[in-house]
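Please work through each task before reading its solution.

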Amino acid sequence: MTIRLDRVDVELYRAEIQRPKNGEAELARRLGVAPDEVCRRRQRLTELRLLEQVDDETWVARSPHAAADALLGEEERQLERRRLDVAQRREALTALTADYLDARRLRSDAGQVEVLQGVETVRATLSELAALAATSVDSMAPGGAQSEHAIRAALPLDKELLGRGVALRSLFLESARSHSATFRYLKDIHDAGAHVRTTSLLPTRILIYDRKTAIVPLDAQNTARGAVVVRDLPLLNLLNHLFDLYWDQAAPLDAARTRPVELSDLERTVLRLMAAGQLDEVISRHIGLSVRTTRRIISDLTRRLDANSRFQAGVRAAERGWIA
């Protein structure tokens, strides 16, 4: 309930404090309102516990603190009981913290590779690792364009990490530059302090926290199946080296792209995969574009090479030095 008192309410309250036996006619003249308005205002102040009618002619004004106690006391007591109830339930839950941490420690000691089944388990673990990250988070995203839902969820978390001084390195496919929402997200985190680069080919999704814990999907083509948490040092060294290798070959988001090339990095990657005999569907997954767009790129490359087949396109691309 919102309480708003105007000038007439306040003047009436002051008048009742000064003279408990004011008549309605006298008050109406003093306040410049009709007598029935005085009656209505008195009733309102009574409901707010600021006035109490003792008899037909006498109205007693209460202090604001006494009125607040009378009007709000029970609500405040209910709120306090509710607060205590919530505090007790929170205490009962947080009492398990030591058991949780000890069990996690034992699970980690038992095996340096932990399998997470299902999307919700993966999300919970990612949230925990992000909250504990102290120095760095490296991410490799091979999917190209990101969904609006994923972007909305990721942006505040990324900014929170950057606000804590955690260094972010985010590696995306070149095709992410062509998707307006994804590119806007990359610009946002870049402007907030993240290091962002793009490249034409990424092997799988990888997240590495503090260079000590990594998460990779169980199935690169179906990330909903779950993920693997890697703490084993040799495997971690391999994943860190893999990330650094792709990072060093990638282009910064804000790099000037004026180098005259006969073939883009994306097209070179497509040609390399074509020469390896990969199907259109496989190539599209590697470069993060739709099968339709991939086929358009392949068709354009074949036309530019004046080739009648994929094999002939591969031979002519090698002759021109487009692929090694």
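**Exercise 1.** Determine how the axes of helix α7 and helix α8 are arranged.

*Solution.* Step 1: the axes of α7 (residues 148-163) and α8 (residues 180-191) come within 10 Å and cross at roughly 5 degrees. Axes are lines fitted to C-alpha atoms, for helices over the stretch in contact, with angles from 0 to 180 degrees between N-to-C directions; helices are DSSP runs (H or I, at least four residues), numbered from the N terminus. Step 2: α7 is therefore roughly parallel to α8, a label for angles under 35 degrees. Step 3: the contact (heavy atoms within 4.5 Å) involves residues including Ile 151 and Leu 155 of α7 and Tyr 185 and Ile 189 of α8.

The model is predicted: local features need pLDDT of at least 70 and side-chain atom pairs pLDDT 80 or more, while totals for chains, interfaces and linings use all residues. Residues are numbered from 1 along each chain as its sequence is written, and side-chain values use heavy atoms, without hydrogens and water.

**Exercise 2.** Characterise the salt bridge between Asp 9 and Arg 41.

*Solution.* Step 1: the side chains meet at 3.0 Å, N to O; a salt bridge requires a side-chain nitrogen of Lys or Arg within 4 Å of a carboxyl oxygen of Asp or Glu. Step 2: the pair links helix α1 to helix α3 (residues 35-47), 32 residues apart. Step 3: Asp 9 is buried at 3% relative accessibility, and Arg 41 is buried at 10%. Buried means under 20% relative accessible area, exposed over 50% and partly exposed in between (1.4 Å probe, protein chains only).

Notes. Helices (H or I, at least four residues) and strands (E, at least two) are DSSP runs, numbered from the N terminus. Angles under 35 degrees count as roughly parallel, over 145 as roughly antiparallel, 65 to 115 as roughly perpendicular and the rest as oblique.
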